[in-house]
There are 2 protein chains.
Amino acid sequence: MSESEIKKFKLEGKEGVNLLNSFEFVKVLNENNLSKLMIILALKKNQSENNNAVIIFEKPHFAQDDINSLLALNSQFEMDIQNDIYNKFKIFPLYPYNNIQVQLIYPATEQHIQKYSVQEMFFVSETIEDYNNLTLKFIEQTQLNLNWVYNILEHKKESERIIFEDPDPVNGFILLPDMKWDGQVDNLYALVIVHQKDILSLRSLTGQHLPLLENLRNKCYTALEEKFGIKREKVRAYVHYQPSFYHFHVHFSHIKYQSPAMPDRNIPLSQVINNLALFPDYYQKSTLEMVIRKNEKLYDLYKHKFE
Amino acid sequence: MSESEIKKFKLEGKEGVNLLNSFEFVKVLNENNLSKLMIILALKKNQSENNNAVIIFEKPHFAQDDINSLLALNSQFEMDIQNDIYNKFKIFPLYPYNNIQVQLIYPATEQHIQKYSVQEMFFVSETIEDYNNLTLKFIEQTQLNLNWVYNILEHKKESERIIFEDPDPVNGFILLPDMKWDGQVDNLYALVIVHQKDILSLRSLTGQHLPLLENLRNKCYTALEEKFGIKREKVRAYVHYQPSFYHFHVHFSHIKYQSPAMPDRNIPLSQVINNLALFPDYYQKSTLEMVIRKNEKLYDLYKHKFE
């Protein structure tokens, strides 16, 4: 996309014209009936190259205030079933209760399309030799562009969304809402990005990173309590292994929030801190179990283990 | 509710008046952000007794045709975030794309209310001192009757359900379907109970139990592949901490199966084996994070940590 096209594209959004109108449906990449999520591949109309888009449609969760309004409103109404004390019906509320969340990735690369496509999953053990010989090679070859991370760290983007920042270059970090957070306290889903740029993932951590991890844990707990009133015993702090990008980050979510990501990838931050405090080289010695999807590049490197 | 009241109530629905208007919100009984479900307790207005209602609100999943329409419609539109190729916004489509499913149980009994209510959860760190001073005391005082476990181990009950047995008294075990398994291969949910009776939980394990753990892992992988055709890379092998009973057991489930139990309690068997192989006294030294529900006895022992 050229600069002028990007500008035009952004203006459309700002002017309130539905961005979706310029895309046409190609196919469903993935869907989850449990979480009411559908991800499609679409094409930008009147555009010959670089015209792929990934569009994620998701129904948002209810807020308690919504429910109060739904009781009071005179919404359109359709009865489905009445049986004794059990009634099932539909209501059709208007703005703002009819909102659907949309994420549009455009232009989308082949990696984005793969990332959002449904794929078979496998458990694989990664020894430290596997990490050095296979995973590291994969990271070097296929690392996604991290501009969006550096944009945040340098306050070029999303600075108004920052919940808390510790600017220290060694032990500092930025805490901000995850894109997926709907803003409800009980669904808190936030992301911590560290200022250090050379920690790829869990595997890079040693005992020397304990001050960073403890600093970010304590300050995020405090910030989340001060800003949102969420006490630490209600906060799930964890990393993913493998992560979806290789700049060290930590997820903070509310205990009630169930992430649509695979929970098999979650490793509690408390476990990481415990391991490093007892055994500073834990992550340079351990075999880690991970889940690999067939559409991930790692799959090709690891499939010999189970074929 | 009298016959005439029931008749009037049903008529309201049939006439298209929103049934919800006659109820007022009392409290949220339960909610699930992942499935966009909220369950509330409500009261029928102008009704003095038998006036409880349980109301379940749920967002419906998308159909593929809906998505085509959402692309073509000129829905109301609100931009949230633009960062590089990533865009997040809301759309507000009208009938029929704004439908919400409602189930109304009225009049609801106390049992209905209990059935749909949730218990509060907390994350708590258990140090080894906490384990020795609090959790062990709890286990001694409140250990549930384990006769059902011994009945299985002694072939007095459920022997026809056994998938595989290794009768060795030290490294042996019984593998059988979990009560919750529906029999579908993709939903496999099985339980391994060890013959040794003195291993209470993860906390009791040391390096000397590695032969037991490796024996049961390898033989269960083989048995599940031979009996059901499930390859080991499709099998989630894990323990719970805290477990629901204190006789050491391991869960085996299909990678596609999402247990309704809390995934925060899952600890992969591969992680346990790794930890014990590197550090034989790992579970006698480590601080373990656990989830406690308010209705569990452990809650009373640990609530001082966050009150």
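User: Leaving aside neighbours within four places in sequence, with which residues is A:His249 in contact?
Analyst: This is a predicted model, in which local features need pLDDT of at least 70, side-chain atom pairs count only at pLDDT 80 or more, and totals for chains, interfaces and linings use all residues. Residues are numbered from 1 along each chain as its sequence is written, chains are lettered from A and ligands numbered from 1 in the order written, and side-chain values use heavy atoms, without hydrogens and water. Contact denotes heavy atoms within 4.5 Å. On that basis the partners are A:Leu191, A:Val192, A:Ile193, A:Val239 and A:Pro243.

User: Why does A:His249 count as buried?
Analyst: UniProt, in an unreviewed entry, places the feature "active site" at A:His249; such annotations may be inferred rather than shown by experiment. Buried means under 20% relative accessible area, exposed over 50% and partly exposed in between (1.4 Å probe, protein chains only). A:His249 therefore counts as buried, its relative accessibility being 4%.

User: Which backbone oxygen does the side chain of A:His249 reach?
Analyst: A:His249 belongs to strand E12 (residues 249–254) of chain A; strands are DSSP runs of at least two residues, numbered from the N terminus. At 2.8 Å, its side chain reaches the backbone oxygen of A:His247.

User: In E5(B), which residue is the bridge partner of A:Gln101?
Analyst: E6(A) (residues 100–105) has 6 of its 6 residues buried. Strands pair if DSSP finds at least two bridges between them; E6(A) and strand E5 (residues 86–92) of chain B run antiparallel, joined by 6 bridges. The partner of A:Gln101 there is B:Lys90.

Technical notes
Helix = DSSP H or I, 4+ residues; strand = E, 2+ residues; numbered from the N terminus. Polar contact = N/O pair within 3.5 Å; in protein donor to acceptor, adjacent residues only side chain to side chain.
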